[in-house]
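Please look through the sequence and the model first, and then follow the sections below.

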Amino acid sequence: IRLESYSDNHVIPCECSLGVVNSLRPAKRFHWGIWSHKFNSRLLITSYPQIYGNIGNPQIKIRFYGEHTTDIAENIVSWKDISENNISSSLLLSDYLPDSKFRHGKYGYVSIWSEYGGFFVFTTLSKSESITLEHTF
């Protein structure tokens, strides 16, 4: 995984161990993790079609859970609409947030569901020139 700074094109070095990915790993269709409007969270999705088969164009259901509300906001997107290379995608989560009440507070949870089980999903939190990469569960 390589992250690049948008401000000055310097590469941020990092190493992220994902464990072993092989045909014995079961498909995973549901993911959840932390996100923040305040800290400009992105949703990073990558895939392993060589193990899980052709991705096709699955619908991806993104649900937002807020810090100050028990409501749930939902947005459904098509894989081909959010992936330029049919392998990965990077979304600014605030762009997909259908309800402004989820923009209050520091943190919330996001869940992602797709019929395709070969996605690996991460979120980011960023502030100034710092960024964290958070794995989903």
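## Pairing of S5 and S8

Strands S5 and S8 run antiparallel and are joined by six bridges, where two strands are said to pair if DSSP finds at least two bridges between them. Within this pairing, Tyr 65 stands opposite Tyr 109 in S8. The names of the elements follow DSSP runs numbered from the N terminus, with helices being H or I runs of at least four residues and strands being E runs of at least two.

This is a predicted model, in which local features need pLDDT of at least 70 and side-chain atom pairs count only at pLDDT 80 or more, while totals for chains, interfaces and linings use all residues. Residues are numbered from 1 along each chain as its sequence is written, and side-chain values use heavy atoms, with hydrogens and water left out.

## The chain as a whole

The chain holds two helices and 10 strands, and from the N terminus on its elements run β-β-β-β-α-β-β-α-β-β-β-β. Of its 137 residues, 35% are buried, a term that means under 20% relative accessible area, as against over 50% for exposed and values in between for partly exposed (1.4 Å probe, protein chains only).

Among contacts between residues at least 6 apart in sequence, 73% join residues at least 24 apart, contact being defined as heavy atoms within 4.5 Å. The accessible surface comes to about 8300 Å², and 50% of this surface belongs to carbon and sulfur atoms; such areas come from the Shrake-Rupley method with a 1.4 Å probe, and for residues only the protein chains shown count as cover.

## The open sheet and a hairpin

S5 and S8 also belong to an open sheet of four strands, which has the order S3-S8-S5-S6 and antiparallel pairing. Its edge strands are S3 (30–35) and S6, each of which pairs on one side only.

Elsewhere, S9 and S10 (residues 130–135) run antiparallel and are joined by six bridges, with Thr 124 standing opposite Leu 133 in S10. The hairpin of S9 and S10 has two residues between the strands, and in this hairpin Ser 128 takes a positive phi near 55°.

Val 110 is found in strand S8 and counts as buried because its relative accessible area is 1%. Leaving aside neighbours within four places in sequence, Val 110 is in contact with several residues, including Trp 32, Ile 62, Phe 64, Leu 93 and Thr 123. The C-alpha atoms of Val 110 and Ile 72 are separated by 9.6 Å, although these residues are 38 apart along the chain.

## Thr 69 in its loop

Thr 69 lies in the loop between S5 and S6, and is buried, with a relative accessible area of 19%. Its side chain reaches the backbone nitrogen of Asp 71 at 3.0 Å. Neighbours within four places in sequence aside, Thr 69 is in contact with Lys 101 and Phe 102.

Technical notes:
Polar contact = N/O pair within 3.5 Å; in protein donor to acceptor, adjacent residues only side chain to side chain.
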